[in-house]
Every structure is written in C-alpha cells, then in structure tokens.
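Q: I am new to this structure and would like to learn how to read its contacts and helix packing. Where do we begin?

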Amino acid sequence: MAKKDYRPEDLSADPAAQQMLIRAEELGLSTAFTRAAELSPCNIGSAGMCCKLCGMGPCRLTKDGQTGICGATIDTIQARNLIRAIAAGSAAHSDHGRDMAFTLKAVANDQTEGYIIRDVAKLRRLAQFYGIPIEGRHPKEIANDLADLYIAQFGQQRGEVVLTKRAPAKRQKLWRERGVVPRGIDREVVEALHRTHIGDDQDPEHILQHAIRTALADGWGGSLIASDVSDILFGTPAPILGQANLGVLKEDMVNVVVHGHEPTLSEMIVAASQDPEIIAYAQAAGAKGVNLAGICCTANEILSRQGIPAAGNFLHQELAILTGAVEAMVVDVQCVMQALVMLAENFHTKIITTSPKVRIKGATHIEFDEHRALTVAKQILKTAIDNFQNRGKVHIPQVKETLVPGFSHEYINYMLGGSYRGSFRPLNDAIMAGRIRGVAAIVGCNNPRSKQDWLHTYVTQSLLLQDVLVVETGCGALASAKLGLMLGEAGLEKVGPGLREVCEAIGIPPVLHMGSCVDNTRILTVLTQMVEEGGLGDDINMVPAVGLAPEWMSEKALAIATYCVASGAYVIFGGASPVGGMPDRVEDSDLVLRYLSEGWERLYGGKLEFVEDADEMSRRGLEHIDKKRAALGLPAYDPKRFGRSGDARILALEALPLRERRAALYGQPSKN
Ligand code: SF4
Ligand code: MSK
C-alpha cells in the first residue's frame, strides 16, 4: 500500500475521515487522499503551459519566447485551456438544468410518475416575471409554458438568454456594452469549443471575453434554471433540522448513499424509502428499515429540502464505502470517482449508476427514467435491501453534527422581514451600520491536494470573527456543517460581536447553508436583491462582499468563479492557478493570470485571484470588503462598536440579582 508515511490528521481535518483513513491503511486500500500524496502533478500542465489541442503536439512550453508548433504563445494556450474548462463546467451545470426543465415539462403534461408541483407560488412568480399569463390558469398550464421557455434557452441562436434579465439593470447594461450577454446556452458552449480548435481564436483577451459569455450562460442561464425548477418541483428550501458526517450511517438499517447532483432521482428515492412496501421489504431482510444519506451536492439537495442526513462531502465518497455499512451507493452525474467501483470490490457495497450519460465499468446500471421514477426508485432500493445479507464487519465512526440548512434567498428575504414585509432591509441596514462588516460566499469542493475541510473551515471561522456573514453552498457547506458552524447558538460563540447580535435577533446560524453547487445562483439573487433594496450601491460590484472557494477542484468551480466575476464579484480561489505560468522561470508566463485579476476588474468590476495561504485569503477578502464600504461612504468597520445587545446579553443579565441587573441596564439608581 502506502509508499509514503501519511498521518491521517495531515490529510483531513475531519475526525471521522481520519478514522476511516486509518481503516483504509489497515486494510491496505488506497483512497484519493493517498493517491494524491503519491501522484505529483505535472508542473508544466498545472501552470497551463501544455497544449494538446492537435496532433502536432502536445506542446509543452518551458522557455522564454517559446511557442507551440503552430506558433501559439503561452498566454494563448493558457486562455484556451481555461475557456475549455469553463465550457465543460458550464455544460455540466447547464445540462443538469436542461434535464430539470424537461422534467418540469413532463410533470406539466402528466407524463411522470411520483412528481408533483410543490411550490406553485414560485412557479407563478417566475412565470409572471417572464410575461407568461398566470391568472385563471392551472399550475400545470403555467408550468408547461415556463418549461417551454426554459428549454428554448438552450438552443436559442439569437437575442439574449431571458434569465439574464434577473440581474441588476446596470449590470445587464454593462454586459450589453461589453458584448457578453449570452445568446443561447448551448451556443456559447459550442462556440467556446470552436474558438479553441487549432487555428481559430488566438488573442487571449478575445478568448477570455467569450469565457465570460460562456460562464454567464451557466450562472444566469443553465444553473439558474436548475435551481428554479428544483424549487418548483421539490419545494423551495426553508430551515430544517439535519445531520452531517459518517455517523449518520446506521448499523441496524439498510444504508443507501445517494451521490451526484440531480434531485430528480434522489427526491424519488427519498419518497420510495418511506413507502410501506419498501419498509416491509427491508424488515423482511432483517433490517429496521432503509436509512438514506447523501454525498456531495445530492446531499445538499435532499438535506436542504427534506432534512435527509449528509454522509459527507466530495472526499467522503470513498470513506463511506470503507465503513462496510453501505448496501448501495447510487450515483447520477458529476463528481463521482471511478475509484468507487474498485474500492467497493473489497466490501459488499453495490455501486449503482443511474444516468443515461454516466456508466462506470464494473458498476450495476439501473437506468433512471422520470416517466416511471417511483418504480425505478423502488427497484434500486430493493437491490440495496437484497444486499443487506451480504454485509460483513462494519466500522461506522460515531461522529456527526447537527445543522440547520435550507436558507434559500426566498427564505432569507422572509426571515428578515416576516410574511407581510419580506425584505432585505434589515440585512442592508446591518451592513450599512457596520454591525455586519460584509458578506462572504464560501463555496466549492474538497481537493486532496490540501487537507480536507481545513482551508475551508479556517477561512470561514476567520471571517466570522471579523463580523462577516457567511453563506455557503456545495461541499464547502458540508465542511462547515460537519464542524458545527451551521447550528444556531452552537456556532455563535465563534463569531464577532456585531454579527452575533444580528444572528441572535433574527435567530439564524452565522453560516447560512444555501444549497448545492448549482445554487450559487441563489447567492447572485441575494446580491441582486440587496442592490435593489438600496443603500449598498446600484450594482453587485458595489456591495461589500467577497466569494471564496478555498478547496476548489472541478471545472464547474471555474465556471462559477467566472460568472461571479462577470457579475461584479471579487473571487478568491485557494491553491495554485491552473493558468499561473512559471513567472520565476519563464518571463511573462503569468499574463493570463494577471488579466483575470486586473483585466477583468477593469471590465466587470470583479476579479479572480488564486491565493495559497489561508490568512492571506481572509486578509484580501476583508480588505476588499472594507474598500467597498469606504467607496459607499459607510462608516469604517469598528469591532468594538456593537455587541452589547442581543440574547447573550439578556441571558447574562438574567443571571444577576435584580438590583445589579437594573444598574447594568439603566446605570446606578438615583438617590431621589
Ligand atoms: Fe501545439 Fe499548436 Fe497543436 Fe497546441 S494547437 S498542440 S500549440 S501545434
Ligand atoms: S459536488 S463540484 S465537489 S462542490 Fe457539487 Fe462538491 Fe465541487 Fe462536486
């Protein structure tokens, strides 16, 4: 097994993961953690200086002034590599959105099994926004029209993707001036591939302009469609109690772990697991029932809506199998490691692929079809239950945390203002007063090139102490969940005094779980609503906010970063840039890296930077927030100014004798 000495505490900050890494070592099994430690990345490829776009290459550029065989310069090669990654990330998110739109169409036409429209209010609100008639019409008629409108956005050839109209007006105008409003979602992805074929677009800035357009087709197109339709069909998330980490697996139940991204499958498995027929089937197999748990963004989808526990984030997928307690891992699309099948051969776990787009050699394939969704979901669960008898020794780490997920932008709006006065006013006011210094969106993946969850939770906690309200999505959200930062009072002793007052007054945790990686669009919507509320400028780039992805690894993350930059955000990624070059060895090999920061900031008011040090990430984030506060004319942040009100103070006062309590509240009583 291991060629090197690994200390589990160096590989993951999570105690459950550490236990499972020890178990893997005992069993002589490799994981992504150990493979990453043994497999060094290629320094030319990781600097973006290798091109393999045609059969004359691959061309690896390592000297000043060197070009590829076709004459391509380092910056052209880097820009092409980057846009291809952004196109792939946008395609993944957007294809997910397309599937959701087709499911909505099928539900509207009674062609599915088991689905209903759960959030009619959101359906009507969105339809009205796009000018679809709603009065006197059945929700299915409205849903049919909305589905048609959304499906049309993918193949549209001219004009503007209609969802971009949900951005602030000033931002839309800027996009038009820069010529980057996406025309159709598929069109921009295809054009990105066309432009990067040998002998096409060879001006790095021009290539990167189209990278912006492609990413916007994702963030204000495909991803937004995915979130919208998921809410309409499965309900818009609202706070709900949940649990996270491997300790959610149960020794006396059939454990089914759902992993991937699309909620169409996982929601139906949730429904099927509660069906009396399935419960009886599990009991007949000697189990108490079926215990569902999620991994990655599927976890976030069913956790936010149904409170189904999360077994963990991206790097937990192999660790769940190592418990020996998982009867089936059911996967659909994205972030599913091929290694699962090889690892599962050492246990009884069945890896079940379900998407027509994804097969893994050695896995069991049970194809999901929304037209008979409940039937397929039951078939999958019965396969898992039949496997219960094959279970051997189990080793479930007794580690889990409670959390409150489910902070959709609709709920944040409601919680700040109540049913009749839903509004972002209290949040804007708290920022304007300086009680909240600013907002940080901390998102993204795990990456075994850094210690699992550590960067993510370190940066999160640093910013919380500085009175920055944190919103999170994706695997990063699950890192905070596992650390207990998403549970109301439990996390509050770890935050600054002003932010604590706000959390106590509203009754929210200091870190708000906003969903899966397609749900980064919810963060854009929050920023848009903050702009529309007034007082924080008239565009997203003016809001004292920053985006961070400390442990990113996927191409989707690069697409997210780019659409956030195009929307005006400052985005900080952890680790080295995939187009960083080697400026110490090859002059000007960092031109593209600098353009993503200085060039994009000039054009869009947002920028993308790669920062390896955790303290430096927080420092730059805070510096940016303070710069935006100053530009708005807001008072400079003062950590001593707030923190003398709120529940914590009331509780402390209640513990005092009456006289002292009065004195603390109103000063010393007068003698008169
Ligand atoms: Fe080399 Fe140019 Fe072909 Fe890239 S496109 S592999 S740089 S010859
Ligand atoms: S699953 S893209 S590892 S967040 Fe969305 Fe997690 Fe990143 Fe996949």
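Q: Which residues does Met-530 touch, not counting residues up to four places away in sequence?
A: Contact means heavy atoms within 4.5 Å. Met-530 touches Phe-424, Leu-427, Asn-428, Ile-431, Val-439, Leu-536 and Val-543, with residues up to four places away in sequence left out. This is a predicted model, where local features need pLDDT of at least 70, side-chain atom pairs count only at pLDDT 80 or more, and totals for chains, interfaces and linings use all residues. Residues are numbered from 1 along each chain as its sequence is written, and side-chain values use heavy atoms, with hydrogens and water left out.

Q: How many residues does the largest nonpolar core have?
A: In soluble globular proteins, nonpolar side chains tend to be buried together. A nonpolar core is a set of buried (under 20% relative accessible area, 1.4 Å probe, protein chains only) Ala, Val, Leu, Ile, Met, Phe, Trp, Tyr and Cys residues joined through side-chain atoms within 4.5 Å. Here the largest has 168 residues, and Met-530 and Phe-573 have the most contacts inside it. Helix H10 gives the largest share of this core, 15 residues.

Q: At what angle do the axes of H10 and H24 cross?
A: Helices are DSSP runs (H or I, at least four residues), numbered from the N terminus. Axes are lines fitted to C-alpha atoms over the stretch in contact, and angles run from 0 to 180 degrees between N-to-C directions. The axes of H10 (residues 204–234) and H24 (residues 555–566) cross at roughly 100° and come within 8 Å. H10 is therefore roughly perpendicular to H24, a term for angles of 65 to 115 degrees.

Technical notes: Chains lettered and ligands numbered in written order. Helix = DSSP H or I, 4+ residues; strand = E, 2+ residues; numbered from the N terminus. Parallel < 35°, antiparallel > 145°, perpendicular 65-115°, else oblique. Buried < 20%, exposed > 50% of the residue type's maximum accessible area, 1.4 Å probe, protein only.
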